[in-house]
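Please take a look at the model shown here. What can a reader learn from its strands, charged pairs, aromatic rings and pocket? The report below goes through them in turn.

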Amino acid sequence: MTSPRRLNVPLPATVRADPRGRPLAVDGRAVDAVRESWVVEDRWWTDAPLRRRYWEVVTTRGDLLVLFRELDQVGGWYRQR
């Protein structure tokens, strides 16, 4: 029997963004449209709170991607799907 595996694990992404943080290109693919942006704040009651800004974007190749960046840490960008 195999052990369970995590689904939808975030993967590092190379993102070029404008000064306000809006993604312009993801992994070399230009962003055609930003469909939505939202902030997630969770685990605020613990020693490891989570605060991220998510972006749902469509690239010029038609890919629908969900990206995020940690807001409380100096961290990179990640692709959620």
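## A buried arginine and its partner

Arg29 counts as buried, because its relative accessibility is 14% and the cut-off for buried is under 20%. Keep in mind that this is a predicted model. Asp63 is partly exposed, with a relative accessible area of 23%. Arg29 and Asp63 form a salt bridge. Their closest N and O atoms are 2.6 Å apart. The pair links distant parts of the chain. Arg29 sits in strand β4, residues 29-42. Asp63 sits in the loop between β5 and β6. The two residues are 34 residues apart. Arg61 joins in as well: Arg29, Arg61 and Asp63 are linked in a network of salt bridges.

How many salt bridges does the structure hold? The count is 6.

| Salt bridge | Closest N and O atoms |
|---|---|
| Arg29 and Asp63 | 2.6 Å |
| Glu56 and Arg35 | 3.8 Å |
| Arg51 and Glu41 | 3.6 Å |

Take Glu56 and Arg35, whose closest N and O atoms are 3.8 Å apart. Arg35 is exposed, with a relative accessible area of 54%.

Now take Arg51 and Glu41, with closest N and O atoms 3.6 Å apart. Arg51 belongs to strand β5 and Glu41 to strand β4, so this pair ties together parts that are 10 residues apart in sequence. Arg51 counts as partly exposed, at 31% relative accessibility. Glu41 is exposed, with a relative accessible area of 54%.

## How the strands pair

With β4 it runs antiparallel, and 10 bridges join the two. Val40 stands opposite Arg52 in β5. With β6, strand β5 also pairs in the antiparallel sense, over 7 bridges. Here Arg53 stands opposite Arg69 in β6.

The hairpin of β5 and β6 has 4 residues between the strands. In this hairpin, Gly62 takes a positive phi near 90°. Strand β5 itself is mostly covered: 7 of its 10 residues are buried.

## Aromatic rings

A pair of aromatic rings is described by the distance of the centres and the angle of the planes. The structure has 4 aromatic pairs. One of them is Tyr54 with Phe68, a tilted pair. Their centres are 5.1 Å apart, with 40° between the planes. Tyr54 lies in strand β5 and Phe68 in strand β6, so the pair ties together parts that are 14 residues apart in sequence. Tyr54 counts as buried, at 10% relative accessibility. Phe68 is buried too, with a relative accessible area of 2%.

Phe68 also pairs with Tyr78, and this pair is stacked. The centres are 5.3 Å apart, with 20° between the planes. Again, distant parts of the chain are linked. Phe68 is in strand β6, while Tyr78 is in strand β7, residues 77-79, and the two are 10 residues apart. Tyr78 is partly exposed, with a relative accessible area of 29%. Which residues make up the aromatic cluster? Trp38, Tyr54, Phe68 and Tyr78 form one cluster.

## The largest pocket

Rolling a probe the size of a water molecule over the atoms shows where empty space is left. The largest pocket has a volume of about 190 Å³. Which elements give two or more residues to its lining? They are β5 (50-59) and β6 (64-70). The lining includes Arg53, Trp55, Arg69 and Glu70. Asp18, Arg20 and Trp77 are also among the lining residues. By type, the lining divides into 4 nonpolar, 1 polar and 6 charged residues.

## The start of the chain

Pro4 lies in the segment before β1 (11-13). Pro4 counts as exposed, because its relative accessibility is 80% and the cut-off for exposed is over 50%. Pro4 and Arg16 are 12 residues apart along the chain. Their C-alpha atoms are separated by 34 Å.

Note on methods: Residues numbered from 1 in each chain as written. Predicted model: local features only at pLDDT ≥ 70, side-chain atom pairs only at ≥ 80, totals over all residues. Heavy atoms only, no water. 1 Å grid on protein atoms, 1.4 Å probe; cavity = no way out; pocket = protein on both sides within 12 Å on 5 of 7 lines; lining within 4 Å. Points joined across faces, edges and corners; volume = space filled by probe spheres on them. Nonpolar A, V, L, I, M, F, W, Y, C, P; charged D, E, K, R; others polar. Salt bridge = Lys/Arg side-chain N within 4 Å of Asp/Glu carboxyl O. Buried < 20%, exposed > 50% of the residue type's maximum accessible area, 1.4 Å probe, protein only. Pairing = 2+ DSSP bridges. Phe/Tyr/Trp six-rings, centres within 6.5 Å; stacked < 30°, edge-to-face > 60°.
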